[in-house]
Amino acid sequence: MTWIQDLFDPERRTWEDFYRNRWSSDRIVRSTHGVNCTGSCSWNIHVKNGIVTWEMQALDYPVFDRKIPPYEPRGCQRGISYSWYVYSPLRVKYPYGRGALLDLWRAAKKAYPGDPVAAWKSIVSDPEKRRMYQSARGKGGFRRITWDDANEMLAAANIGTIQEYGPDRIAGFSPIPAMSMVSYAAGARFVQLLGGISLSFYDWYCDLPPASPEVWGEQTDVAESADWYHSDFVAVVGSNVLMTRTPDAHFLVEARHRGAKVVVFAPDFNQTAKVADEWVPIHQGQDGAFWMAVGHVMLQEAYVDRQVPYFVDYVKTFTDAPFLVTLKPNADGTLTAGSLLRASEVAETANVENAEWKTFVLDASGVLKLPTGTVGHRWQKKKGEWNLDLRDPGTGDAIDPVLFLSEHAEKIVEVSFADFSDATNEKRLLRGVPAKRVETKNGPVWVTTGLELLLSQYGVRRSIPGNWPSGYEDGDSPYTPAWQERFTGVKSEVVVRFAREWLRTAEKSKGRCSVIIGAGVNHWYHNNLIYRAVIVPLMLGGCVGKNGGGLNHYVGQEKLAPQASWAPVAFATDWGGPPRLMNSPSFHYVNSDQWRYDASFSEMCPVTNEGHVLASGHTIDKQALAVRLGWLPCQPQFTQHNFEVVRDAEKAGAKTDAEIVAHVVKRLKDKSLLFAMEDPDDPKCFPRVFYIWRGNALLSSAKGHEYFLKHYLGTHSNAIAEERAGTDVHDVKWHEKVDTGKMDLVVDLNFRMDSSALYSDIVLPAATYYEKNDLNSTDMHAFIHPLQAAVPPCWESKNDWEIFKGLAYATQELAKRYLPDPVKDVVATPLLHDTPAEIAQPSIRDWRKGECEAIPGKTMPNLSVVVRDYTRVHDKFISLGRVFRDAGWACTARSTRSPTCTTRTWRTTRPRPGAGRPTRRCPWTATCARSSCTSRPKPTANWPIARSRRNRTRPGSTTRTWPRRTATSASRSTT
């Protein structure tokens, strides 16, 4: 190869130094990104001369099971470019204030020297001054201010709002805590110590699948992505896995290589469809019709034409298919499905504990039985019977529940089913259903099993009278493959083939069929019905609860692993409580006045039983009903200042907390006191101060952005809808003319000048993910990832904890002058899931209408009296409260003084102003950033922590290193 000429001229190759230097680094730091992407990927951050230069996926994930592919590398193109954000020209570098407000503030301070609270009140109480700075929102005009200036104004706004209106007029919004647990907890803890409102997130994004709590009673319980590899059949519905789940997509591809079939349902040929076995180009939002037809085929071929033993045994054991449902008579002699037959309705069982919440099956012997596992067993005094063991709790005998009533039916009754195919509630289908007569305290009733009703609802042909489809190609009969074609555009033969492959796979694999479902479906109206249409074939195939099977909803990073120990710190319940939590959909729908532009919901949502209390009317009235009955929270809380409510009770003679609560109940009954949601446009009920951090609440998270601009901010908007609710609203007070610009102050903590920052009054520079210590977890894998500060916060930015700590201190110092004494606050909280309160109301009865007694915690919200001491807000913020100790929670951390880095338990060694655990030992403010205050106490959070093998230097130390751990020991370690 003599034609190759070697060059021995180093000067001509100096350009290579630039390339090598670009990718060199002084050290590598383990971190991740606290974003709502569900990835939670561990990254190695390369730092050179104090500057983040680049990042690369970590490659040291522990191996759980050698039968599945490894997790690594986890990461995507978005993550690998994040370092550019740290030094972006759009970075918020300094505290900023809106110029129009700053001019008013400085003039007011001169008019009220030494009295910042009076200065603040003089601005917000003057309509002209409020209008002046509110109309400037979103139009630029920011000026740089100091941290001291910002803290003083915000503290004055906090104290002034608490004095004038109450602490529940201060609200805070931050998205999914799992993204960055400490940062979320910083603002939430501060807001709760004030007595303010923490707004929800998952439901407000329309990320929460309501079908999950409707069907299973839980939020979103899904398999991690590695479980896809166990599937033999995967249906991808409304989720573009290869694009939006980049770090996890390989499990889906590898499952297909292992032999699984992957079918993608999407209107477009997306990235995931490209690697699937089959692409079904379904019309947008019509997935429910397809899956109803799948259920029809499965019921016909696996339950009627033949009975698959695995399926039958599964639905008997794990579903409500065998439970007895009452059939209610109609005026025309037909019947309709009613409620489950309850123990309280039958004389022999009417006196059992929680009889209203225990329901019957029919045993194969023909005898009614009350199996264990119902919600009534969950909250009875005797424990150990809240399980799905098919046994009689009284005798211990095994129960063999009847699914098909053919052998026990006394009559084939005619049942009316609604047909909404033409978007009305006028069509009815009359179909026969095998039924049995049961004697109840109110006389005989017809009952049937849930499965029998399902078979008739789905139009499954049997040898019984009724309006049945002629076959799969009968396009006029709901639920058939041909019927769904007009909605989905998918040929009926595709449905039949898919359903047969699905049930055959489920039968052979014992339930290893799964559905990956996401925002493409969940963001549609009636998404819960679409999801439930998908869930039915999963249940019929025995897939739920099986490795490689079940419904897997992935929208948002909602799984916070150490929640049991994190929540008391995040919501300040280590100092007391309860916290003020509010579901954002209700808060914004009501307070941004979107309800004023709605008519009765029955105009767009036809129902069958128009006489039902929830079947007609206006949404705002149903919201008010839900608040009164304790189903939903109400924040702001009352039409009167909460402190004044307590003082009025004490003036009336109330001496104890119980007597204060009784007085509040009395006033709610006689309407001298209302929930704020019953008069949301009274200025006394306005939310006043709004804190935003870690999210874009005023655009991407704002459903109804134009109403936010108009009614919250008071600036220019593009709202064009007309107000029309006046004639439809009855329980909520209607004002013909309302004030706009409800928010006195909007504060945004941000590292980007996004739309929330542009519309805010004060913008505070927050640290980026590479500039702070934090924790991150997800539902997609079983690791807790630390965000470890790679570089200090740039310019004048601070991490969220430090920012809110500074606000807490400034507020506390002002409180010593303006709110020097402890005050009593009344807190209303709703009836909570997974508490005895969930069986408090077997039927809908409104105490306001005299249908029942007003009983806090049973027929109305819980009412608690909380003592607030604003002179100790900062001291409590930085200290772990007594409840941590009193409730038996341990708080462990790695001691910086231990050369072996052992685990110790922190204890209060002396009294201090916060009367809790010392500041210098608080895990979130001490140098030991990997302490386990947030994770150790949770017994179920023994999740592995992925750590870098190349960087074992402990935070705050340059000499000691972390010991090497195996995957087993790592799962027991602290974070």
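User: What should I know about the numbering and the source of the model?
Analyst: This is a predicted model, in which local features need pLDDT of at least 70 and side-chain atom pairs count only at pLDDT 80 or more, while totals for chains, interfaces and linings use all residues. Residues are numbered from 1 along each chain as its sequence is written, and side-chain values use heavy atoms, with hydrogens and water left out.

User: Which radius of gyration does the protein chain have, and why does it agree with a compact globule?
Analyst: The protein chain has 31 Å, which agrees because a compact globule of 975 residues would have a value near 30 Å. The radius is taken over C-alpha atoms, and the globule rule is 2.2 Å times the number of residues to the power 0.38. Along the principal axes, the C-alpha trace spans about 105 × 85 × 60 Å.

User: How many of the residues count as buried?
Analyst: Of the 975 residues, 58% count as buried. Buried means under 20% relative accessible area, exposed means over 50%, and partly exposed lies in between, with a 1.4 Å probe and protein chains only.

User: How many helices and strands are there?
Analyst: The protein chain holds 31 helices and 29 strands. Both are DSSP runs numbered from the N terminus: helices are H or I with at least four residues, and strands are E with at least two.

User: Let us turn to strand 2. What does it pair with?
Analyst: Strand 2 (residues 43-48) has 5 of its 6 residues buried. Strand 1 (residues 27-31) runs antiparallel to strand 2, joined by 5 bridges, and Ile28 has His46 as its bridge partner. Strand 3 (residues 51-57) also pairs with strand 2 in the antiparallel sense, over 6 bridges; there Asn44 is partnered by Met56. Two strands pair if DSSP finds at least two bridges between them.

User: What about the turn between strand 2 and strand 3?
Analyst: The two strands form a hairpin with 2 residues between them, and Asn49 in the turn has a positive phi of about 55 degrees.

User: What is the strand order in the open sheet of 8 strands?
Analyst: The order is 5-4-23-22-21-6-7-20, with mixed pairing. Its edge strands are strand 5 (142-144) and strand 20 (581-582), each pairing on one side only. Strand 7 (residues 197-199) and strand 20 run parallel, joined by 2 bridges, with Leu199 opposite Met582.

User: Now the helices. What does helix 14 pack against?
Analyst: In helix 14 (residues 309-318), 7 of the 10 residues are buried, among them Tyr310, Phe311 and Tyr314. The buried residues pack against helix 13 (287-304), helix 18 (492-509) and helix 20 (527-540). Contact means heavy atoms within 4.5 Å.

User: And helix 17?
Analyst: The buried residues of helix 17 pack against helix 13 and helix 18; Trp483 is one of these buried residues. Just after helix 17, Gly489 takes a positive phi of about 75 degrees.

User: What is the phi of His526, and why does His526 count as partly exposed?
Analyst: His526 has a phi near 60 degrees, a positive value in a residue other than glycine. Its relative accessibility is 34%, so His526 counts as partly exposed. His526 is placed in the loop between helix 19 (519-522) and helix 20.
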